[in-house]
Amino acid sequence: MSCEQQLHEKPPASLLASLWGIMDSTKCEPLQGSPEAEDGNIEYKLKLVNPSQYRFEHLVTQMKWRLQEGRGEAVYQIGVEDNGLLVGLAEEEMRASLKTLHRMAEKVGADITILREREVDYDSDLPRKITEVLVRKVPDNQQFLDLRVAVLGNVDSGKSTLLGVLTQGELDNGRGRARLNLFRHLHEIQSGRTSSISFEILGFNSKGEVVNYSDSRTAEEICESSSKMITFIDLAGHHKYLHTTIFGLTSYCPDCALLLVSANTGIAGTTREHLGLALALKVPFFIVVSKVDLCAKTTVERTVRQLERVLKQPGCHKVPMLVTSEDDAVTAAQQFAQSPNVTPIFTLSSVSGESLDLLKVFLNILPPLTNSKEQEELMQQLTEFQVDEIYTVPEVGTVVGGTLSSGICREGDQLVVGPTDDGCFLELRVCSIQRNRSACRVLRAGQAATLALGDFDRALLRKGMVMVSPEMNPTICSVFEAEIVLLFHATTFRRGFQVTVHVGNVRQTAVVEKIHAKGTRRKGRALVIFPSFLSMDSLVSLY
């Protein structure tokens, strides 16, 4: 096979990810990647050898722009021209370029981590290398990069155990010891099954090192030491708790989902339903095949092939990517962020720790799935905060937890909350804000936090309410029309049918008043009118 044919058969990737693999298997010269994009957090540099002071200041400004685009993270490809040509540098030039890059990072208050190096053949007698470097800034005012990952999968697939291993820093003993700290109720400990939604955090510092509860760290210390935070949303796997799982996906707005599949059982139970939910709600997901220590290698391979067949079906249209090395993990993280169709597959064990580091590398490199422009547009809108949890804290008063959907929320802001039973909105004041148990003065769109409301009467609040800016002049509705996709139902879907509607953080029973389609339906698409009591934004899912 010729060099051009090999390049042609590789899927395109704007981060040169496909070309890294080709460099291992071919001696073509020179290789051509995708041209550098003006937007985004990826920067190509041929070399950075002894720049003048003026040039250095320009490079620092450029790095600030890339960090802003990546919300605190940027990736530099050293030895690559702006048009994507993989030239490479000699060892001395590469050492000087990395030294300059380190100076630039120090200037903006960031650290650099070498992700990978590759040799490339070019028209030179000396060996030449390309180096990929992660630049991560320590955020100001605790505005660390925060990614929310929903954890899906069938019951007994090992979801809570995997999160316990990741966040506690200790392997499981094979009998579920690692998951005990994640359970919230006694019956969960007794049965070993999650029935509620819990949150766990995993941090990475500016050098890409894992920061978790090991070494007796507290949640506050993890937040203070981390530049990037992964918040895992542990959802229930049992079918009778499916409503809770749907609520977790619609209410907490995860950036992506982790679908856990047990190697010894394959796609079983609620796995297909959870996969269908992620697809219907357009949540990007990657797959982890767990318990590989319990199975023969052939069993693991059979489960992976089964997953690949399902992902390639017309309903999914995904491109599976099996991760077997650290290089694969870096490539998977970059392609996953660039293309919604790429689905990385990891095979690991929470007992032996096999391939667990590959998942950590993936989570460390995984960039924000929303760009800075979208984030800025959300922040410029009026404030809207979804109320998911309500507490009473001694000496603090009423506290609400949830996600800021749009705008910016600061301490002392005057907002209105509602709707109440009679459809009104009540005035209140935000006394203080906390993110991941640490004080925070400013909350930005897309971030989850708890807000202290002082002596506001808790009895007037309920889950599903929204706190919005008074300028929004919020309105409510009692009847709404929705286009639905009926995936499957055991009985016919007809007028008078009773359903539970999930709209953002709202769970509301409703009755189908009218169907704009002929007859009754078991599968297919229809336009339906529901009498309900909802605000009119977000995606509707029915169960």
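Me: Is F362 buried or exposed?
Reply: First, a heads-up: this is a predicted model, where local features need pLDDT of at least 70, side-chain atom pairs count only at pLDDT 80 or more, and totals for chains, interfaces and linings use all residues. Residues are numbered from 1 along each chain as its sequence is written, and side-chain values use heavy atoms, with hydrogens and water left out. Buried means under 20% relative accessible area, exposed over 50%, and partly exposed in between (1.4 Å probe, protein chains only). F362 has 0% relative accessibility, so it counts as buried.

Me: How is the ring pair of F346 and F362 classed?
Reply: Rings of Phe, Tyr and Trp (its six-membered ring) pair if their centres lie within 6.5 Å; planes under 30 degrees apart are stacked, over 60 edge-to-face, and the rest tilted. Here the centres are 5.1 Å apart and the planes sit at 65°, so the pair of F346 and F362 is edge-to-face.

Me: Which parts of the chain does this pair link?
Reply: Helices (H or I, at least four residues) and strands (E, at least two) are DSSP runs, numbered from the N terminus. F346 and F362 are 16 residues apart, and the pair links distant parts of the chain: strand β14 (residues 342-347) and helix α12.

Me: Which residues form one aromatic cluster with F346 and F362?
Reply: The count comes to 7 aromatic pairs. The cluster holds F346 and F362 along with F286 and F336.

Me: What is the volume of the largest cavity?
Reply: On a 1 Å grid over the protein atoms alone, a cavity is a set of points where a 1.4 Å probe fits but cannot get out. Grid points are joined across faces, edges and corners, and a volume is the space filled by probe spheres set on the points. There are 2 cavities of 30 Å³ or more. The largest has a volume of about 50 Å³.

Me: Which helix supplies the largest share of that cavity's lining?
Reply: Lining residues have an atom within 4 Å of a point; here they include L259, T271 and V310. Both α9 (271-280) and α10 (297-312) supply at least two. The largest share, 3 residues, comes from α10.

Notes
1 Å grid on protein atoms, 1.4 Å probe; cavity = no way out; pocket = protein on both sides within 12 Å on 5 of 7 lines; lining within 4 Å.
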